[in-house]
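Good morning, colleagues. Please look at the sequence and the model as they come up on the screen.

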Amino acid sequence: LRGSTAEIASAADAPQIATAPPDSTDCARSSPRRRPRNTPHSSVLTTLRNTSRAFVDDLVASPAGRLAIVSAEAVLNPTPSNANYGAVKAAAEHWVNAIARLFAKQAENAAAVSWVVKALSDKSPEETPSGQTPVQFLAQAAVALLGQDARELNGTRVALPKA
């Protein structure tokens, strides 16, 4: 991403990421396996790349374009048991930061942001386990995105509130 929306589309030629099996819990013992290249969404990062490339021109043209992802505390606090997960989330944040840079150059009304949680919970805020973020808080953050100044929001990493 050197500043043009056309360059985002060319990222389709980038190599795919090999990921560990979903049940793997230890990066030292997990053996990466390659997923078929014909699978359109073989990882969180591939899904993010495909989706953001599809919508980036519309977000740039919008009076209030927003791209937001849910990331994880594991990005800055990795452990051997969550290294694969944290690495993919870190790569997703890196991609979002590249989009933020593009927005800064081409779309002052657009913003790309990474929300950070330890874990999401679909329980009410009162029933959510300590340290987790109720999805209700995530929904509130999504609604609030459009009311925030894009220049202040763009490229930020925002910790969502916990129960």
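Among contacts in the chain between residues at least 6 apart in sequence, what percentage join residues at least 24 apart? The figure is 67%, where contact means heavy atoms within 4.5 Å.

A word on conventions. This is a predicted model, in which local features need pLDDT of at least 70 and side-chain atom pairs count only at pLDDT 80 or more, while totals for chains, interfaces and linings use all residues. Residues are numbered from 1 along each chain as its sequence is written, and side-chain values use heavy atoms, with hydrogens and water left out.

Let me begin with the overall layout. The chain has five helices and five strands, these being DSSP runs numbered from the N terminus (helices H or I, at least four residues; strands E, at least two). Along the sequence they follow the pattern α-α-β-α-β-β-β-α-α-β. Of the 163 residues in the chain, 36% are buried; buried means under 20% relative accessible area, exposed means over 50%, and partly exposed lies in between, with a 1.4 Å probe and protein chains only.

I turn now to a helix pair. Two packed helices are described by the angle between their axes and the distance between the axes. Helix α2, residues 44–61, packs with helix α3, residues 83–106, at an angle of about 10°, and their axes are 10 Å apart. The axes are lines fitted to C-alpha atoms over the stretch in contact, and angles run from 0 to 180 degrees between N-to-C directions. That angle makes α2 roughly parallel to α3, a description that applies to angles under 35 degrees. The residues making the contact include Leu-48, Ser-52 and Val-60 of α2 and Ala-92, Val-96, Ile-99 and Phe-103 of α3. By class, the residues of this contact divide into 14 nonpolar, two polar and two charged. Here Ala, Val, Leu, Ile, Met, Phe, Trp, Tyr, Cys and Pro count as nonpolar, Asp, Glu, Lys and Arg as charged, and the others, Gly among them, as polar.

Beyond its neighbours within four places in sequence, Ile-69 is in contact with residues including Leu-48, Ala-92, Val-96 and Val-113. The C-alpha atoms of Ile-69 and Arg-157 are separated by 9.8 Å, although the two lie 88 residues apart along the chain.

Finally, the end of the chain. Is Ala-163 buried or partly exposed? With a relative accessible area of 40%, Ala-163 is partly exposed. Ala-163 lies in the segment after β5 (157–159). Its C-alpha atom is 7.3 Å from that of Glu-126, 37 residues away in sequence. Leaving aside neighbours within four places in sequence, the contacts of Ala-163 include Thr-128, Pro-129, Gln-132 and Pro-134. Thank you for your attention.

Methods:
Angles under 35 degrees count as roughly parallel, over 145 as roughly antiparallel, 65 to 115 as roughly perpendicular and the rest as oblique.
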